[in-house]
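I opened a structure that was new to me and kept notes as I went. The entries follow the order in which I looked things up.

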Amino acid sequence: MEVLRYAAFTDDPAGGNPAGVVLDAADLEELLAALRWSRDDLDPSLPPRLGYAGAYHPVLAAATRERLARLDYDFDRLGDLMRARNWTTVQLVWRENDSLFHARDPFPVGGVMEDPATGAAAAAFGAYLRDLGLVTPPAAVTILQGEDLGRPGRLDVHIPAGGGIAVSGEAVPI
């Protein structure tokens, strides 16, 4: 059995770019097409946005855990879109409850189908939750990522009222 490794960091709030920026309608349509998702696959209570915490990560919430688990996307099409928009990963989440989320992060710009544990995307997601008023700071949420890859990890996101988002967690090293 592989041992999980622990890491922690706080994003730099001086980046000057707010999380929760509305995705351009054409970008959202292209993103959905590349992911092979429809608007019906989205959770309307967690709107699509462009998250930021030092790097850009579109945030899309799946309506069901099953939709999240069935990640099967057009690698080249998504990679081309991400490079054109300077997106690092795509943060796909499903909300199990108010403080527990499951995530998958396609990473074609990194040359792999998926990143099993993405601290930067978790920080961007924390900022997304705060900026949209979906949590009351100070707050903490947990993101389980890598489960569907067989490389489970846990990211704990600490969301203060202002300033940087702190992320800590454990993941299986590659």
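**Entry 1: overall layout.** In what order do the elements of the protein run from the N terminus on? I read them off as β-β-α-β-β-α-α-β-β-β-α-β-β-β. That is a protein with four helices and ten strands. I noted that the model is predicted.

**Entry 2: burial and contacts overall.** I looked up how much of the protein is covered. Of its 174 residues, 50% count as buried. I then took the contacts between residues at least 6 apart in sequence and found that 64% of them join residues at least 24 apart.

**Entry 3: α1 and α3.** I turned to a pair of helices, α1 at residues 25-35 and α3 at residues 75-85. Their axes come within 8 Å and cross at roughly 150°. Angles over 145 degrees count as roughly antiparallel, so α1 is roughly antiparallel to α3. I recorded the crossing of α1 past α3 as left-handed.

Which residues make the contact? On the α1 side I listed Asp27, Glu30, Leu31, Ala33, Ala34 and Leu35. On the α3 side I listed Arg77, Leu78, Leu81 and Arg85. Sorted by kind, the residues of this contact are six nonpolar and four charged, with no polar ones.

**Entry 4: Leu23.** Next I checked a residue in the loop between β2 (21-22) and α1, namely Leu23. Is Leu23 buried or exposed? Its relative accessible area is 9%, and the cut-off for buried is under 20%, so Leu23 counts as buried.

I wanted to know what surrounds Leu23. Leaving aside neighbours within four places in sequence, I found Leu23 in contact with Leu28, Leu31, Pro48, Arg49, Leu50, Pro58, Leu60 and Trp87. For another, Arg49, I looked up the separation from Leu23: 26 residues in sequence, and 5.3 Å in space from C-alpha to C-alpha.

**Entry 5: α4.** Last I looked at helix α4, residues 119-131. It has 13 residues and reaches 18 Å from its first C-alpha to its last, close to the 18 Å expected at 1.5 Å a residue.

Definitions and conventions
Residues numbered from 1 in each chain as written. Predicted model: local features only at pLDDT ≥ 70, side-chain atom pairs only at ≥ 80, totals over all residues. Heavy atoms only, no water. Axes fitted to C-alpha atoms, helices over the stretch in contact; angles between N-to-C directions. Helix = DSSP H or I, 4+ residues; strand = E, 2+ residues; numbered from the N terminus. Parallel < 35°, antiparallel > 145°, perpendicular 65-115°, else oblique. Left-handed = near helix turned anticlockwise from the far one by under 90°. Contact = heavy atoms within 4.5 Å. Nonpolar A, V, L, I, M, F, W, Y, C, P; charged D, E, K, R; others polar. Expected span 1.5 Å × (residues − 1). Buried < 20%, exposed > 50% of the residue type's maximum accessible area, 1.4 Å probe, protein only.
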